[in-house]
Amino acid sequence: MQVREIINLKGGSLFSATPMQLLGEAIDAMAEFDVGSLVVMESGRMAGMLTFREVLQALKVHGSSPVGVTVGDVMVRDPVTVVPEMEVDDLRRLMIAKHSRYLPVMDGATVIGVISFLDVAKAVLEEKSFENKMLKNYIKNWPDEPQI
């Protein structure tokens, strides 16, 4: 299974913010859309990523009300990215090695989605479930022994 297939399964929704957006507004958007990350876009290109990890770190540093703090102040500027052709096993290894729960998927310079660790878990579970059903069906319909 490739990253492209996971993106197709989950759909193409992409939630974003801008570097100049107030952090409080970004937090509100993350809560409203029930997402753990926002792609930070500037002039039509990805400028970084904001995840709940950066939000928590900002709240620790700036207090529970980070007045005047912008997304650009706390975002990850050069996030690890993946390509649609990456195999899911390689993706899982990368996510674990980099401690990344959310990775932008890039097709050239274009962000086509964000893969979360939950997306990967769901896709792998669905794939295993499908394989299990196919094997059971194959065994159930096994041809009888030929008569001699």
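Tutor: Two strands are said to pair if DSSP finds at least two bridges between them, where a strand is a DSSP run of E with at least two residues, a helix is a run of H or I with at least four, and both kinds are numbered from the N terminus. The model before you is predicted, and for that reason local features need pLDDT of at least 70 and side-chain atom pairs count only at pLDDT 80 or more, while totals for chains, interfaces and linings use all residues. Residues are numbered from 1 along each chain as its sequence is written, and side-chain values use heavy atoms, with hydrogens and water left out.

Student: How many helices and strands does the protein chain have, and in what order do its elements run?

Tutor: The protein chain has 6 helices and 5 strands, and, read from the N terminus on, its elements follow the order α-β-α-β-β-α-α-α-β-β-α.

Student: In what order do the strands of the open sheet stand, and which of them are at the edges?

Tutor: The open sheet has 3 strands in the order 1-2-3, and its pairing is mixed. Strand 1 (16–17) and strand 3 (45–51) are at the edges with a single partner strand each, so one side of each has no neighbour in the sheet.

Student: Where do the parallel and the antiparallel pairings occur?

Tutor: Strand 1 and strand 2 (residues 37–42) run parallel and are joined by 2 bridges; in one of these pairings, Ala-17 has Val-40 in strand 2 as its bridge partner. Strand 2 and strand 3, by contrast, pair in the antiparallel sense over 6 bridges, and here Leu-38 has Leu-50 in strand 3 as its bridge partner. Strand 2 and strand 3 form a hairpin with 2 residues between the strands, and in this hairpin Ser-43 takes a positive phi near 55 degrees.

Student: Is strand 3 mostly covered or mostly open?

Tutor: We call a residue buried under 20% relative accessible area, exposed over 50%, and partly exposed in between (1.4 Å probe, protein chains only). By this reading strand 3 is mostly covered, since 5 of its 7 residues are buried, and for the protein chain of 148 residues the buried share is 34%.

Student: Which residues of helix 1 are buried, and where do they lie around its axis?

Tutor: Such an arc is that of the directions from the helix axis to the C-beta atoms. In helix 1 (residues 3–10) the buried residues include Val-3, Ile-6 and Ile-7, and they cover an arc of only 100 degrees around the axis, which puts them on the same side of helix 1. Asn-8 and Leu-9 are exposed on the other side of helix 1, and just after the helix Gly-11 takes a positive phi of about 95 degrees.

Student: Which residues of helix 3 are buried, and what do they pack against?

Tutor: Helix 3 (residues 52–62) has Glu-54, Val-55 and Ala-58 as its buried residues, and seen down the axis they fall within an arc of 100 degrees, so they line one face of helix 3. With contact meaning heavy atoms within 4.5 Å, these buried residues pack against helix 2, strand 3 and helix 4 (71–74). Leu-56 and Lys-60 are exposed on the other side of helix 3, and the helix is followed by Gly-63, whose phi is positive, near 85 degrees.

Student: Where is Glu-25, and what separates its C-alpha atom from that of Thr-70?

Tutor: Glu-25 has its place in helix 2 and counts as partly exposed, at 43% relative accessibility. Although Glu-25 and Thr-70 are 45 residues apart along the chain, their C-alpha atoms are separated by 9.1 Å. For the protein chain, residues 24 or more positions apart account for 57% of the contacts with a separation of 6 or more.
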